Amino acid sequence: MRLVFGFAVLLTLLPGGAFGQVEDEEFTGPFPSWSNLRRDYGTDSAALQRALNEVGKPGHPANLFIPAGTYCVQQLEFATRLGVSVLGEDPANTVLKYCGADRGVLLHVNGIAYSRIGRLTFDCAGSASVAVDQSYDGLHGYFDTGNEYSDVVFRNCPTDIRGGNLRRGFAETTVLRAHFGPSSGPCVILKDFNSLDLWIWYSLFDRCQTGVTNDPGAGNFNVYNSVFRKSVKADIAIHNTGLFNIRNNTSVGSNAFWTTSPAFAFPAQITLQGNKLIHVSHPAILVRDQGPVAMIDNQVESAANATGPAVAADALGDTDMLSVGNVFTTHNPLVVKGRNITLDDRIADSLDLKEPALPGTPRNFHRAVFEVPKKAGAAEIQAAIDNAVRSKTTRPVVHFAEGSYQIRATLEVPPNSDLQLVGDGNSVTRLNWVGRDAGPVIHVAGPTKVIFRELSISGSGAADGIVIDGIDQETSRVHMQQVQIGSTTVAGLLVDGLDYTNVDLRNIGHASTAKGSAIKVVGGKLAAAGHARTGRTNLFSGASSNNVLSYELSNGGRLLVRDIWYESNPPTGFLRLTGNGQFTMHGSRVALPPRHTPAAADLTDFHGSATFLNLQFDDRIVTGGDGANSRVLAMGLEGGLNLPGFLLNNSSPAARALVLNSRDFTAGGSSVKVPDQGTADPAFLREMLAQTRAEQPGIIDKLPAGVSDARLYRVWVQNATVGIHLKP
């Protein structure tokens with residue numbers, strides 16, 4: 001089946017968007033509570049190995065700082081740690097150079113969780129075969145999860161990062177602002193089926209054989225806002241199928257952008273969105289599995305000598321494809337053997353596409369630091385906050401050395417504050433509520449520019465964690481990166497009545513919510529009245545598990561959930577939508593027992609739009625109550641074994657509900673087509689795809705005075721009533 005809506009030929013030049021702004025981010029540290037390699041250990045390989053052996057051990061700091069220099073090292077082992085950091089001064093001047101035996105590994109990461117490695121250059125010197133091998137041996141330590149590699153540069157390495165080589169996993173890993181290649185092999189490779197949720201952001205892949213791959217191997221990955229230059233084989237290649245989301249990248253002069261090998265009848269949820277391909281050979285995109293594939297708003301500028309189609313999809317004649325808003329410079333853009341829905345694709349004579357500038361390594365501005373005394377209580381901490389505010393310096397740092405701080409009274413951050421609350425790690429700096437009331441532990445009054453980093457906050461089962469209010473100014477923002485929220489009783493994150501604020505969530509963990517919702521969005525007064533402004537909550541990537549309810553939307557709110565992995569063993573709900581509102585879930589895995597009660601998605605008395613796109617979704621979406629003005633689209637879904645139906649339209653009057661291009665697994669791991677339900681038309685599809693097309697993550701830039709810009713980096717909020725509460 002092929003549905004084609006509005007395929008047109010454009011003869012005008014279409015400019016390529018470039019992000020290239022300077023990121024408003026910085027590095028804080030080193031602090032006196034950190035260890036210093038040169039001062040405390042020495043500078044040879046044995047000294048660095050001793051430092052890695054001791055970091056985070058009892059009696060030793062959880063942060064190791066490596067001053068500028070080139071360090072000649074043998075193979076390094078980094079094992080059995082939780083919540084530690086190994087950070088260089090700057091990758092431009094801090095180099096770990098391999099001086100060991102041929103074909104070795106520069107750094108083996110084993111049993112490390114929720115830790116950071118950053119601001120370093122790894123130089124394999126043409127001798128080591130792998131720079132960073134994050135491979136858990138299963139013998140001791142922790143399952144490798146929640147780690148970050150940021151501001152890292154790789155030189156002279158056949159492989160830069162290898163994950164899961166010992167076949168025991170590699171999961172929920174963030175790569176941020178990395179520089180890969182040139183490389184004679186794959187720059188990043190995943191090796192086993194439990195290598196999951198790799199999130200690569202703002203990175204450069206320069207002349208890799210293959211940029212990111214699981215061939216040979218397995219696992220899933222996501223790549224965002226990155227640049228690929230002249231990949232010899234392909235920018236991205238897969239063998240084993242899974243969940244893949246490749247968004248807003250730029251490819252320049254590569255042999256191919258996406259390839260699949262070999263052709264086989266297995267499904268894979270693939271989203272290719274907002275990518276710009278410059279002078280790429282054909283086929284630029286080769287899909288040889290069943291999909292479903294969603295190609296959305298890509299621009300493909302073919303190489304001058306390219307022949308054949310730009311996109312070829314053929315899994316033995318059975319690939320499901322959605323192609324929307326793409327622009328090509330060839331008149332033979334798409335060959336799809338299977339179901340294909342095409343909407344508003346275009347052909348241009350040429351495209352003016354340019355490689356964007358990526359954000360650089362954050363600078364250290366050496367801010368004024370106000371140290372919190374060890375074992376300080378609320379009064380001493382409040383004094384440090386007040387002194388930092390009164391200093392009138394730019395972004396002063398209130399620093400909490402590692403340890404537990406018992407908080408009996410709410411810590412108050414006054415309006416118009418421009419300060420940073422910084423700990424030594426979310427596993428080692430802990431603020432615990434011991435007060436008699438409901439808190440919160442920290443209250444931030446807006447408008448505000450407050451930044452939280454590397455802290456853990458516990459409501460001790462009685463108090464809210466962080467409340468930030470007075471923040472609903474036009475163009476205001478709350479940004480969270482690698483925040484972990486869990487074990488709350490009302491809501492993990494409660495976005496409560498904001499009409500203007502952009503809540504921007506990336507690589508977020510939200511789990512073990514036994515009551516209430518992990519993420520709850522309640523629209524503001526204007527949204528509830530049908531006059532929505534700019535307020536929205538966008539979860540761009542993350543992982544979650546074991547919530548009684550993961551997402552709840554009401555009162556005209558807007559919520560986008562993208563690229564998350566959810567799993568739960570007990571039968572729980574997953575999603576509830578009520579009243580008016582706009583919801584999209586795209587490119588995600590929802591592992592729940594099929595046909596359980598309650599249904600995964602409950603749309604009772606919902607009067608807005610709900611889109612479920614390119615998901616592995618193991619249970620049902622059920623409408624109920626009054627379905628007037630309710631629109632539901634389920635497209636590109638894959639379900640659990642013998643699922644009787646993805647969407648049960650039980651509302652009266654019935655919601656307008658469609659199921660398109662969806663599949664059901666078979667016992668052998670393949671899949672079969674689920675018959676379409678309902679009839680698509682261009683206007684309906686444009687409306688239902690509008691949210692995921694419009695909402696894209698951007699550079700975290702500086703906002704004007706008087707506009708709130710609250711940020712949280714690698715903060716944990718646990719055991720609270722409401723973990724993080726955002727209010728007007």
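Q: Is cysteine 157 buried or exposed, and what is its relative accessibility?
A: The model is predicted, so each value is computed from it. A residue is called buried when its relative accessible area is under 20%. At 3% relative accessibility, cysteine 157 therefore counts as buried.

Q: To which residue is cysteine 157 joined in a disulfide?
A: A disulfide is a covalent bond between the sulfur atoms of two cysteines. Here the partner of cysteine 157 is cysteine 124, and their sulfur atoms are 2.1 Å apart. The link is right-handed, with 95° about the S-S bond. Cysteine 124 lies in the loop between β11 (116-123) and β12 (130-134), whereas cysteine 157 lies in the loop between β13 (148-155) and β14 (159-163); the bond therefore ties together parts that are 33 residues apart in sequence. Cysteine 124 is buried at 0% relative accessibility.

Q: How many disulfides does the structure hold, and how are the bonded cysteines paired in sequence order?
A: There are three disulfides. When the bonded cysteines are numbered in sequence order, the pairing reads 1-2, 3-4, 5-6.

Q: Where do cysteine 72 and cysteine 99 lie?
A: These two cysteines are joined by a disulfide with an S to S distance of 1.9 Å. Cysteine 72 belongs to strand β6 (residues 69-73) and cysteine 99 to the loop between β9 (94-98) and β10 (105-113), so the bond connects parts 27 residues apart in sequence. Cysteine 72 is partly exposed, with a relative accessible area of 41%, and cysteine 99 is also partly exposed, at 31%.

Q: Which residues of the largest nonpolar core touch the most other members?
A: In soluble globular proteins, nonpolar side chains tend to be buried together. The largest nonpolar core here has 79 residues, and Phe574, Phe612 and Leu726 touch the most other members. Helix α3 (residues 378-390) gives the most to this core, with five residues. A second, separate core has 74 residues, including Ala47, Val55, Leu107 and Phe180.

Q: With which residues is phenylalanine 612 in contact, leaving aside its neighbours within four places in sequence?
A: Its contacts beyond those neighbours include Leu575, Phe583, Met585, Ile621 and Val632.

Q: In what order do the strands of the open sheet of 11 strands stand?
A: The order here is β42-β45-β48-β73-β51-β54-β57-β60-β63-β65-β67, with parallel pairing. Strands β42 (411-413) and β67 (647-649) stand at the edges; each has a single partner strand, so one side of each is left without a neighbour in the sheet. Neighbouring strands are turned by 10° against each other on average, direction ignored.

Q: Over how many bridges do strand β51 and strand β54 pair?
A: Strand β51 (residues 491-498) and strand β54 (residues 517-523) pair in the parallel sense over six bridges. Leucine 493 stands opposite isoleucine 519 in β54.

Q: Where is isoleucine 508, and is this residue buried or exposed?
A: Isoleucine 508 is in strand β53 (residues 508-511). With 3% relative accessibility, isoleucine 508 counts as buried. Beyond its neighbours within four places in sequence, isoleucine 508 is in contact with residues including Met480, Val483 and Leu539.

Q: What is the mean pLDDT of the protein?
A: The mean pLDDT is 94, and 97% of the residues reach 70 or more. Over residues 6-21, however, the pLDDT is below 50; in the model this stretch has 44 contacts beyond near neighbours in sequence.

Terms used: Residues numbered from 1 in each chain as written. Predicted model: local features only at pLDDT ≥ 70, side-chain atom pairs only at ≥ 80, totals over all residues. Heavy atoms only, no water. Helix = DSSP H or I, 4+ residues; strand = E, 2+ residues; numbered from the N terminus. Buried < 20%, exposed > 50% of the residue type's maximum accessible area, 1.4 Å probe, protein only. Contact = heavy atoms within 4.5 Å. pLDDT = per-residue confidence, 0-100. Disulfide = S-S within 2.5 Å. Core = buried A, V, L, I, M, F, W, Y, C linked by side-chain atoms within 4.5 Å. Pairing = 2+ DSSP bridges. Axes fitted to C-alpha atoms, helices over the stretch in contact; angles between N-to-C directions.
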